[in-house]
Amino acid sequence: MEHQYDVIIVGAGLAGLRAAIELGEDSRVAVLSKVFATRSHSGAAQGGIGAALGNEEEDNWEWHMFDTVKGSDYLGDQDAIEIMAKDAPHIVYELEHMGVPFNRTPDGKIAQRAFGGHTSEFGKAAVKRACFAADRTGRVILDTLWEKCLQRGIQFFNEFHMLSLIVKEGRCSGLTAYEMATGKIHIFNSKAVLLATGGAGKIFKTTSNALASTGDGLAIAYRAGAPLEDMEFIQFHPTGIYKLGILISEAARGEGGILRNSEGERFMERYAPTIKDLAPRDMVSRCILKEVREGKGIDGKDYVHLDLTHLGEEVIGEKLVEIIEFAKTYVGVDARKDPIPVQPTCHYMMGGIATDADARVIIDAENTPFPGLYAAGECACVSVHGANRLGCNSLLDTLVFGRRAGIEMRKFIHSTGYPKVPSDLEDLEAAKIRFLMEKNGSENLGSLQQELQSVMMENVSVFRHKETLAEALESVRDLKLRYQNVGVTDKGSCFNRNLLDTLELGHMLDLAEVMLLGALHREESRGAHSREDFPDRNDQQFLAHTMVRFDQQKGPQLFTKPVTITRFEPKERKY
Amino acid sequence: MKSTFTIFRFDPAVDKQPRYQEYAIDVESTDKILDCLNKIRSEQDPTLVYRASCSHGICGSDAMVINGHIGLACQKLVRDFKTANNFVIEPLPLFNVIKDLIVEMDPFFEKHRYVRPYLINDDPVPKTERLQSAGEQKTIEPALRCILCASCTSSCPISRANPNYLGPAALLRAFRYIYDSRDTAKGSRLAQVNSDDGAWGCKTMWWCTDVCPKGIPVTKCIGQIKRAIKTAEKKR
């Protein structure tokens, strides 16, 4: 079946929906999502969205910019970060006008709270910058944007799985997709495609990410020739529930929660004397594991305690409702009385499809655009997060660059006609699916998936080392070979999850390889990439973005791209 | 511990009637029901399907019937059930089954859409935020917990008897906008649900409140709508 739209947006999280709203009034736009829109993983964001509104205390965008640059360990592009910090207040007011039900200050303004790495006066003290709706900020923004799309009459293709991008003579002219309910192949011809497909946390064993976070958009863009940027930078959030990885928002510490080791000590005081428990995530995760290594994990195990017992009913009952429930439901802990067992959990990818600040996908170090292809949100790398993202900057990123993608695509679609799409595409894609379905494989999909997740968790998480990285790369390449022998057991065409799981695993294997290539190349420690064999940052050699492009003949090709530095020269990062 | 899962199966391409299939797996008392289903799919039967994503009760994908009770598979643990070595898993009632535990949700979202689930306010937009007191925001807080999992609507005896009834989830969304101090369409919103297929369809049977995985007092919220309709009528 064929469709034609000005713009196809893949992914119905915040970036995709914000772009759809920007375009919806006068353009033909459709949103395609492999899960129903409100199931998108943006909805799991808890703590808040960063903007220097100054509703609670003095703040300004320049401090926000500085914190983000410093948080990124100076790898973020400062021109893009400036745009984001400046746009932030406007973006938040716009959300409020659309109906997002933020918590309020006593004088009726949007309430704000402290978050990791956000400070006043360039690092002097923690500042309240995260605008929030209890600890379900992502969910209420997602609902509001989706409902706004309903009002605008935007077309959704829910439970459609993207198969490939259509690229002809270097221009993206649409995509092919698989309808989950029927097994039919659909061809979407469009002037522009926006990838807003989120992250890939499912590559790791312990993660806060949803089952749907398998990096499809990144892998498909990579296969279509778009370079992936800074993929070695993977954020491990310090406070996932022990063993489960379920996120306990940084808001818990923003509201006064304290991390304690087996001796009951507030150990973050030693590592970050100024902002203590509100140090950025890469640091806190490392500190937790250092405590564990020194034998100060709780009961000698690999977790510490997050203590909220002193916060009082007003904070817990009104601002941290969901996480209190999570602790009760999943580990039987009443966080009002007892501390929550926590350990780092794979949470976010700083890297992604390389784009410029207008969400245009770029193909080289000179920012040459990939015509017709755009990316925004977690699947994109602008780069505003560099080597480490600050809490409450991800929602901001999705909305700022989702909106900018909409604006840029509107200009583009009015300047161009519909590119042609080859007529045999539907048959080609159907043949690929048939091949997978008819193959009787000797390998078990489930065990391959688990092996990948274990290899990545053990070797590519918070601390890394050349030897184990090289071993992991070998394992991943071996898994890629074995993947060729995976068969699809389900031969049906209605909700064939087995087939989709198989496609998703292929995507994750490609991405794992790129992450490892970046991690091996970067012989320094910066932000979330901490090499035990190279413990220091090395600006001389590595103050540059890692780019990996897939070449049909030669396979993955690594090159670098300079970092844009405007206002803040790299300095030692202390908190 | 060994546990038996008896699961509702239906593949429209093959089955004339739904059937039940048994799986025996090893479970931990702390496993989520979703973990158990994932395990069955990964280790024994990749053809078994259900919707799931966030796996911690926020995306609203995996409401189903577990041992006769509606709940989220990712929010219920093995230890939450007395009969922990014997589970019966079925799709949500009320909706048509597409395959196995996957049901047709379109009618549910059509009703959601009917209540105009978006802020209506045509006043000029201020430069910064519209002011709203903390108390006003708190009024709608219960409704903000809703994850659109459809547990309430599928459990509602009235929804089962009257297909035109909006049902608890859509009425809760109506409540969310009726009581939002920034919305200017309260009158027409109340008029829209002032019918037997709207708020008056609710016979306060509390099933929706009982099953809500987010602890929302759904029945009470619908009651507040009813009172608001009466108050508006008195004023007229």
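This is a predicted model: local features need pLDDT of at least 70, side-chain atom pairs count only at pLDDT 80 or more; totals for chains, interfaces and linings use all residues.

Q: Why is Cys392(A) called buried?
A: A residue is buried if 20 or more other C-beta atoms lie within 10 Å of its own, exposed if 12 or fewer, and partly exposed in between, with C-beta atoms placed from the backbone. Cys392(A) has 31 other C-beta atoms within 10 Å and is therefore buried. Cys392(A) is also in the loop between strand 18 and helix 11 of chain A, and its phi is positive, about 65°, although it is not a glycine.

Q: How do you know that Phe495(A) is buried?
A: Phe495(A) has 25 other C-beta atoms within 10 Å, so the term buried applies. Phe495(A) is placed in the loop between helix 14 (466-483) and helix 15 of chain A; its phi, near 45°, is a positive value in a residue other than glycine.

Q: What makes Gly76(A) buried, and which residues does Gly76(A) touch?
A: With 34 other C-beta atoms within 10 Å, Gly76(A) is buried. Its contacts (C-beta atoms, placed from the backbone, within 7 Å) include Thr68(A), Ile81(A), Ser383(A) and His385(A), not counting residues up to four places away in sequence. Gly76(A) lies in the loop between helix 2 (61-71) and helix 3 of chain A.

Q: Why are strand 18 and strand 22 of chain A said to stand at the edges?
A: The open sheet of five strands has the order 18-15-10-21-22 in chain A, with mixed pairing. Two strands pair if DSSP finds at least two bridges between them. Strand 18 (380-381) and strand 22 (555-562) of chain A each have a single partner strand, so one side of each is left without a neighbour in the sheet.

Q: How do you know that strand 21 and strand 22 of chain A pair?
A: Strand 21 (residues 544-551) and strand 22 of chain A share eight bridges and pair in the antiparallel sense. The bridge partner of Val548(A) in strand 22 of chain A is Leu558(A).

Q: Why is helix 3 of chain B called roughly antiparallel to helix 6 of chain B?
A: Axes are lines fitted to C-alpha atoms, for helices over the stretch in contact, and angles run from 0 to 180 degrees between N-to-C directions. The axes of helix 3 (residues 134-144) and helix 6 (residues 168-178) of chain B come within 9 Å and cross at roughly 160°. Angles under 35 degrees count as roughly parallel, over 145 as roughly antiparallel, 65 to 115 as roughly perpendicular and the rest as oblique; helix 3 of chain B is therefore roughly antiparallel to helix 6 of chain B.

Conventions:
Residues are numbered from 1 along each chain as its sequence is written. Chains are lettered from A and ligands numbered from 1 in the order in which they are written. Helices (H or I, at least four residues) and strands (E, at least two) are DSSP runs, numbered from the N terminus. Two residues are in contact if their C-beta atoms, placed from the backbone, lie within 7 Å.
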